Amino acid sequence: MMYSNKHLKEVLCTFKFLPGPIKWDSGFFGQFYDKIQADGFSLRQEKKGIVFEIGNLNNGVPVTPNVQEAETQMIFRNPEKNFAISMGNSYVTFHIVNTYENWEVFNEALMRPFMEKYLELGIYDKIQTCQVVYLNSFEMAAEEPLSDYFTVVSPPFKTFGREAAVQISKNYVAPNGIVLNFKINPQQTTKQNTKSIMLECGAMGTVTMGRPISDWKTMSQDVKNPVKDFFESIITEKLRQIL
């Protein structure tokens, strides 16, 4: 069944790699940017995180938390096509925001050409994990229970009043080892008598000893393949009619 994708906000595919023959260096950000800038990736944003390490008690005295700066990440954006590529030590992620048509277009317009440029850096030899995620945003009347829209949500206990918010996270392991997952999180909305949720639905495949990096397209396809059937199984006919 084909959908309009009007509720689909973002699709992303992440590859995580095993350490390769070349030591990671932040200079790779500039090298990759040089390769993709002429293709519309005119914006780049550096992201730095903070890691808190909280120690145990030392003779009954709390240990002062250790605050460290996390490794730098870089996001490259193509504002015209709503493409983005996130890059950091041991991973690269391809994003498309609001304009997803289908997997084939996502693959051919974004992942294939720019994964090829990424591979030219020669940093890694093997992929350890691949993850595909679809982010959907839905709004519904405040009085409507989520069980009307999702088969995995139990009907509300009406004895206690109107269902206000539901948060769910579940993982399933397919026979081939691919982990299917979904999350339902309530979102803020400014509309009266309306509630909003974000549905994250996706899958992840892991090869402990790694898979040749040249197999990236096959691996991503294998991970993506069960997601649509999984999505279809967790939604009701009522939701299907508005997609």
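Ser220 sits in helix H3, where helices (H or I, at least four residues) and strands (E, at least two) are DSSP runs, numbered from the N terminus. Setting aside neighbours within four places in sequence, Ser220 is in contact (heavy atoms within 4.5 Å) with Cys13, Phe15, Trp103, Met111, Cys130 and Val132. Ser220 counts as buried because its relative accessibility is 0%; buried means under 20% relative accessible area, exposed over 50%, partly exposed in between (1.4 Å probe, protein chains only).

A quick word on the ground rules. This is a predicted model, with local features needing pLDDT of at least 70 and side-chain atom pairs counting only at pLDDT 80 or more, while totals for chains, interfaces and linings use all residues. Residues are numbered from 1 along each chain as its sequence is written, and side-chain values use heavy atoms, with hydrogens and water left out.

## H2 against H3

Two packed helices are described by the angle between their axes and the distance between the axes. For H2 and helix H3 (residues 216–224), the axes come within 11 Å and cross at roughly 145°. Axes here are lines fitted to C-alpha atoms, for helices over the stretch in contact, and angles run from 0 to 180 degrees between N-to-C directions.

The crossing of H2 with H3 is right-handed; the call is left-handed if the near helix is turned anticlockwise from the far one by less than a right angle, and right-handed if clockwise. On the H2 side, the contact uses Trp103, Asn107, Glu108, Met111, Arg112, Met115 and Leu119, and H3 brings in Trp216, Lys217, Ser220, Gln221 and Lys224. Sorted by class, that contact has five nonpolar, three polar and four charged residues. Ala, Val, Leu, Ile, Met, Phe, Trp, Tyr, Cys and Pro count as nonpolar, Asp, Glu, Lys and Arg as charged, and the others, Gly among them, as polar.

## H1 against H2

Helix H2 (residues 103–119) also meets helix H1 (residues 27–36): their axes come within 10 Å and cross at roughly 140°. That angle makes H1 oblique to H2 (under 35 degrees is roughly parallel, over 145 roughly antiparallel, 65 to 115 roughly perpendicular and the rest oblique). The H1–H2 crossing is right-handed.

H1 contributes Phe32, Lys35 and Ile36 to the contact, and H2 supplies Phe114, Lys117 and Tyr118. In the contact of H1 with H2 there are four nonpolar, no polar and two charged residues.

## Val133 in strand S8

Over in strand S8 (residues 126–141) we find Val133, which counts as buried at 5% relative accessibility. Beyond residues up to four places away in sequence, Val133 touches Glu10, Val11, Leu12, Glu200, Cys201 and Gly202. Val133 and Ile234 are 101 residues apart in sequence, and their C-alpha atoms are 15 Å apart in space.

## Two asparagines with positive phi

Asn5 isn't a glycine, yet its phi is positive, at about 65°. It lies in the segment before strand S1 (8–17) and is partly exposed, with a relative accessible area of 22%.

Asn82 has a positive phi too, near 60°. This residue is in the loop between strand S5 (73–78) and strand S6 (83–88), and at 30% relative accessibility Asn82 counts as partly exposed.

## The chain as a whole

The chain has five helices and 11 strands, and 42% of its 243 residues count as buried. Its C-alpha atoms fill a box of roughly 60 × 60 × 40 Å along the principal axes. Of the contacts between residues at least 6 apart in sequence, 68% join residues at least 24 apart.
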